[in-house]
Amino acid sequence: GLDTLVELVDRNVYPLAEFPAGQWDYMFFYQENFDRATTVFAANPRRTLTALFRAGGAEQRGLPTFTASVRAEGGWFGGLDEAPAMPLDTRVISEADLEVYVDSVSRNGFFGPDAYYMNHEANAEFSKQARHNGNIDLPVLFLAARYDYVCETVDSRLAEPMRKQCSNLTEVTIDGGHWLAQEKPQEVNTALKDWLLKL
């Protein structure tokens, strides 16, 4: 649930007084302004996806990420009614792959993807029903993205619950951002292959 995420925020990067929700601020924006968030994304799906599919980099390490200020800035993209025009970040996504995403959200809208952020309470309740109190003794592979500063697990405590609950855990850190599978497909596939071969 969202409360657990906020408890694990790295307060060295996100001081409580300035960033009470840390990098998870954007999730609260969905809860408080769901229609607005969905409408802005849907206003220009191509621009939205082009703006969101960005690579991470070492230069951003230790700095607050943009998702920590979504509410303070009046919403995604600084409160604009649609995403700004940006060049495609081909380190993360090709024009052909972008087309697939654009076609899908143009047909289906952003309601479904955005609705995930409205489900934190239900997810937290559902997790209480997990077998063995959520502990997993099967082999688990976790791929950490070194430059993912939203789901930051390299320097922060965010991965601690996973480490406590997975007794047979392998962690591999890859130099990539939030969209790790798209940005570093070869490295992701190699990590998967190497892990599977050791099972």
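A: Here is a walk through the aromatic rings, the cores and a few places beside them. Please keep in mind that this is a predicted model.

Let's begin with the rings. The structure holds 15 aromatic pairs. One of them joins Tyr30 and Trp76, whose rings are tilted, with 6.3 Å from centre to centre and 55 degrees between the planes. This pair bridges distant parts of the chain, as the two residues are 46 residues apart. Tyr30 belongs to helix α2 (residues 25-32), while Trp76 is found in the loop between α4 (45-52) and α5 (95-108). Tyr30 and Trp76 are both buried.

Another tilted pair is made by Phe53 and Trp179, with centres 4.4 Å apart and an angle of 45 degrees between the planes. Phe53 counts as buried because its relative accessibility is 3%. Trp179 has a relative accessibility of 26%, so this residue counts as partly exposed.

The largest nonpolar core has 32 residues, and Trp24, Tyr26, Tyr30, Trp76 and Phe77 are the ones with the most contacts inside it. Helices α2, α3 (34-43), α4 and α5 each provide at least two residues of this core. The biggest share comes from α2, which gives 4 residues. Setting aside residues up to four places away in sequence, Trp24 touches Leu2, Leu5, Val6, Val9, Val150, Cys151 and Leu158.

A second, separate core has 5 residues, among them Ala145, Ile174, Val188 and Ala191. Two of these names lead us to helix α10, where Val188, Ala191 and Trp195 are buried. Viewed down the axis of α10, the buried residues fall within an arc of 65 degrees, so they line one face of the helix. Gln186, Leu196 and Leu197 are exposed on the other side of α10. The cover over the buried residues of α10 includes β1 (140-145), β2 and α9. As for its dimensions, α10 (residues 185-198) has 14 residues and reaches 20 Å from its first C-alpha to its last, close to the 20 Å expected at 1.5 Å a residue.

Gln23 is in the loop between α1 (2-7) and α2. Gln23 counts as buried because its relative accessible area is 5%, under the 20% limit for that word. Its side chain reaches the backbone oxygen of Val150 at 2.9 Å. Apart from neighbours within four places in sequence, Gln23 is in contact with Val9, Tyr14, Thr65, Thr67, Ala68, Tyr149, Val150 and Glu152. Val9 and Val150 are also touched by Trp24.

His132 counts as exposed because its relative accessibility is 58%, and Asn133 counts as exposed at 68%.

Terms used
Residues are numbered from 1 along each chain as its sequence is written. This is a predicted model: local features need pLDDT of at least 70, side-chain atom pairs count only at pLDDT 80 or more; totals for chains, interfaces and linings use all residues. Side-chain values use heavy atoms; hydrogens and water are left out. Rings of Phe, Tyr and Trp (its six-membered ring) pair if their centres lie within 6.5 Å; planes under 30 degrees apart count as stacked, over 60 as edge-to-face and the rest as tilted. Buried means under 20% relative accessible area, exposed over 50%, partly exposed in between (1.4 Å probe, protein chains only). The expected span of a helix is 1.5 Å times one less than its number of residues. The arc is that of the directions from the helix axis to the C-beta atoms. Contact means heavy atoms within 4.5 Å. A nonpolar core is a set of buried Ala, Val, Leu, Ile, Met, Phe, Trp, Tyr and Cys residues joined through side-chain atoms within 4.5 Å. A polar contact is a pair of N or O atoms within 3.5 Å; within protein, one must be able to donate a hydrogen and the other to accept it, and residues adjacent in sequence count only if both atoms are side-chain atoms.
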